[in-house]
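Please take a moment to look over the sequence and the fold side by side before reading on. The paragraphs below are meant to be followed with both in view.

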Amino acid sequence: MQTPLLSMQHVEKTYGAVRALQDVTFEARAGEIVALVGDNGAGKSTLIKAIAGVSPADSAEIRFDGDLVSVTSPQDSAKLGIATVYQDLALCDNLDVVANLFLGRERLMTGPSRAVRLLDKLEMAQRARELLAGLGARIPNVLARVEELSGGQRQAVAIARAVLGEPKVVLLDEPTAALGVAQTAQVLQLLKRLKARGLAVVVISHNLADVFAVADRICVLRLGRNAGEYRTEDASHEQVVSAITGLTASADALRVERELNGASSGGELA
């Protein structure tokens with residue numbers, strides 16, 4: 001087996017009297033898509049926040065590329081090469097695509113113009129076009145404001161911004177939430193492009209149809225604990241739903257699957 005790029009063992013996280021994560025194990029390898037699934041309150045977003053350093057684990061053994069590391073802040077996570085795309089995308093609607101991609105890391109012109117810190121807008125626009133084209137994103141005009149884009153295009157911009165920093169691991173929280181069929185298909189293709197680049201891609205999703213369409217492995221959390229791990233090609237929907245709910249593979253489990261697939265996701269999921 002390939003050595004995991006990211007390995008977390010014995011992850012513990014509490015919020016007051018609530019044990020959000022209990023002895024959780026999680027791994028992600030380069031060139032694979034791992035889906036993290038579970039019902040509301042299962043601990044999915046808590047684990048992602050621990051990896052991203054936004055809400056560090058109380059205790060955990062974390063290895064990155066085989067080395068023991070500490071993740072106590074978003075800066076620690078970013079330095080390791082971990083990028084996170086949250087469900088709200090954190091885009092500036094009033095800025096164009098280029099400005100959103102390079103926000104905080106703008107390119108300056110070379111030569112005498114650099115002394116007065118003039119932005120190299122042409123170079124940034126060209127880099128934006130190349131990056132989006134490489135991801136297969138369909139955004140005809142990189143100078144369009146983000147508020148003018150579709151949901152799928154906005155997701156593509158957020159993913160491209162994450163990739164611009166050349167990460168090794170990309171975490172995505174519900175990337176297809178509230179998208180239509182065509183837009184969902186575009187985003188799933190983006191995830192496959194990230195995998196083809198050799199990145200480790202971790203996806204939180206309630207939509208099992210999307211999970212089975214792109215994921216190589218499925219990791220299930222239930223009530224803050226590991227509840228199962230499956231190779232997608234060997235697993236069935238019933239098995240995964242049973243792990244999510246704790247129910248047997250029955251009509252009840254199938255009913256819950258339909259509810260999960262049809263659930264709207266307004267706001268952050270736990």
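This is a predicted model: local features need pLDDT of at least 70, side-chain atom pairs count only at pLDDT 80 or more; totals for chains, interfaces and linings use all residues.

Residues are numbered from 1 along each chain as its sequence is written, and side-chain values use heavy atoms, with hydrogens and water left out.

The secondary structure comes to nine helices and ten strands, where helices (H or I, at least four residues) and strands (E, at least two) are DSSP runs numbered from the N terminus. Of the 270 residues of the protein, 47% count as buried; buried means under 20% relative accessible area, exposed over 50%, and partly exposed in between, with a 1.4 Å probe and protein chains only. Among contacts (heavy atoms within 4.5 Å) between residues at least 6 apart in sequence, 65% join residues at least 24 apart.

Six strands form an open sheet of mixed pairing, in the order β6-β7-β8-β3-β9-β10, and two strands are taken to pair if DSSP finds at least two bridges between them. The edges are held by β6 (82-85) and β10 (225-231), each with a single partner strand, so one side of each has no neighbour in the sheet. On average, neighbouring strands of this sheet are turned by 20° against each other, direction ignored; axes are lines fitted to C-alpha atoms, for helices over the stretch in contact, and angles run from 0 to 180 degrees between N-to-C directions.

Strand β3 (residues 32-37) runs parallel to β8, joined to it by five bridges, and Ile-33 has Val-201 of β8 as its bridge partner. Strand β3 is also joined to β9 by four bridges, again in parallel, with Val-34 standing opposite Arg-217 in β9. Five of the six residues of β9 are buried, so β9 is largely enclosed by the rest of the structure. The pairing of β9 with β10 is antiparallel and covers six bridges; the two strands form a hairpin with two residues between them, and Leu-223 in the turn has a positive phi of about 55°.

Helix α8 (residues 237-245) packs on this sheet, where it touches β3, β9 (217-222) and β10, and its direction makes about 25° with that of β9. Within α8, the buried residues include Val-240, Val-241 and Ile-244. Gly-246, which follows α8, has a positive phi near 80°.

A nonpolar core is a set of buried Ala, Val, Leu, Ile, Met, Phe, Trp, Tyr and Cys residues joined through side-chain atoms within 4.5 Å. The largest one has 52 residues, of which Val-37, Leu-191, Leu-194 and Val-240 touch the most other members. Helix α5 (residues 151-164) gives the largest share of this core, eight residues. Apart from it lies another core, of 26 residues, with Leu-5 and Val-71 among them.

Ser-205 lies in the loop between β8 (200-204) and α7 (208-214). Ser-205 is buried, with a relative accessible area of 4%, and its side chain reaches the backbone nitrogen of Asn-207 at 3.0 Å. Leaving out residues up to four places away in sequence, Ser-205 touches Leu-36, Val-37, Glu-174 and Val-211.

Finally, the structure holds zero disulfides, a disulfide being a pair of cysteine sulfur atoms within 2.5 Å. Cys-92 is partly exposed, with a relative accessible area of 26%, whereas Cys-219 is buried at 5%.

Note on methods: A polar contact is a pair of N or O atoms within 3.5 Å; within protein, one must be able to donate a hydrogen and the other to accept it, and residues adjacent in sequence count only if both atoms are side-chain atoms.
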